[in-house]
Amino acid sequence: EITDYAISQYRLNIDTFTDICRNINAVPILMTQPRLVVQNNTKKDRQRIRYDMVGLNHEMLVSAFHYCDTAIYDVAKQKSVHVIDLAPLFSGKSQLFKDHIHLSKEVGSKQIAKEVAFQLEEILKEE
């Protein structure tokens with residue numbers, strides 16, 4: 001079950017992380033999580049998603065990720081923090097994942113690392 005309490009706690013965690021970073025003179029950067037889970041996963045992909053581990057059905061898991069992304073975007077806007085937005089670029093791309101969230105070392109990790117490096121470089125140029 002996805003509760004308002006769980007969503008607000010997640011948002012509070014991100015908010016607190018951002019404040020702690022700034023308190024130690026670090027620059028917080030938030031990042032959305034790439035995942036196999038998307039609304040239109042194939043039957044084959046759904047077999048790789050560990051619903052038993054997360055305790056949610058497919059629709060609820062898609063919603064949970066949406067709430068997480070929304071919390072990240074909201075805190076980033078409120079706190080003027082950069083976001084490395086990986087979810088829309090990589091989510092649902094079956095070849096990148098071993099299961100619902102863990103990347104394949106050969107393909108997924110390399111592609112994600114390249115994109116993080118690229119976006120981080122762009123952020124550093126702005127700073």
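In the predicted model, a polar atom of the Ser104 side chain lies 3.4 Å from the backbone oxygen of Gln95. Ser104 itself belongs to the loop that runs between helix H5 (87-90) and helix H6 (105-126). Its relative accessible area is 8%, and Ser104 is therefore classed as buried, the cut-off being under 20%. When residues up to four places away in sequence are set aside, Ser104 touches Gln95, Leu96, Phe97, Lys98 and Ser109. For the pair Ser104 and Ser94, which are 10 residues apart along the chain, the C-alpha separation is 9.7 Å.

Asp15 counts as buried because its relative accessibility is 17%, a value to be read against the limit of under 20%. Apart from neighbours within four places in sequence, the residues in contact with Asp15 are Val75, Gln78 and Lys79.

Val27 was examined as an exposed position. The residue is placed in the loop between H1 and strand E1 (29-32). With a relative accessibility of 58%, Val27 is classed as exposed, since that class begins over 50%. Between Val27 and Asp69 the C-alpha to C-alpha distance is 20 Å, and the two residues are 42 positions apart in sequence.

For the chain as a whole, the secondary structure consists of 6 helices and 2 strands. Their order along the sequence is α-β-α-α-α-β-α-α. The C-alpha trace spans about 45 × 35 × 20 Å along its principal axes. The chain has 127 residues, of which 34% count as buried; Ser104 and Asp15 are among them. Of the contacts between residues at least 6 apart in sequence, 70% join residues at least 24 apart.

The accessible surface of the chain amounts to about 8100 Å². Carbon and sulfur atoms account for 55% of this area. Charged side chains number 16 positive and 17 negative, and a distance of 7 Å separates the centres of the two sets.

Conventions
Residues are numbered from 1 along each chain as its sequence is written. This is a predicted model: local features need pLDDT of at least 70, side-chain atom pairs count only at pLDDT 80 or more; totals for chains, interfaces and linings use all residues. Side-chain values use heavy atoms; hydrogens and water are left out. Helices (H or I, at least four residues) and strands (E, at least two) are DSSP runs, numbered from the N terminus. Buried means under 20% relative accessible area, exposed over 50%, partly exposed in between (1.4 Å probe, protein chains only). Contact means heavy atoms within 4.5 Å. A polar contact is a pair of N or O atoms within 3.5 Å; within protein, one must be able to donate a hydrogen and the other to accept it, and residues adjacent in sequence count only if both atoms are side-chain atoms. Accessible areas come from the Shrake-Rupley method with a 1.4 Å probe; for residues, only the protein chains shown count as cover. Lys and Arg count as positive and Asp and Glu as negative; His and the chain ends are not counted. The place of a charge is taken as NZ of Lys, CZ of Arg, CG of Asp or CD of Glu.
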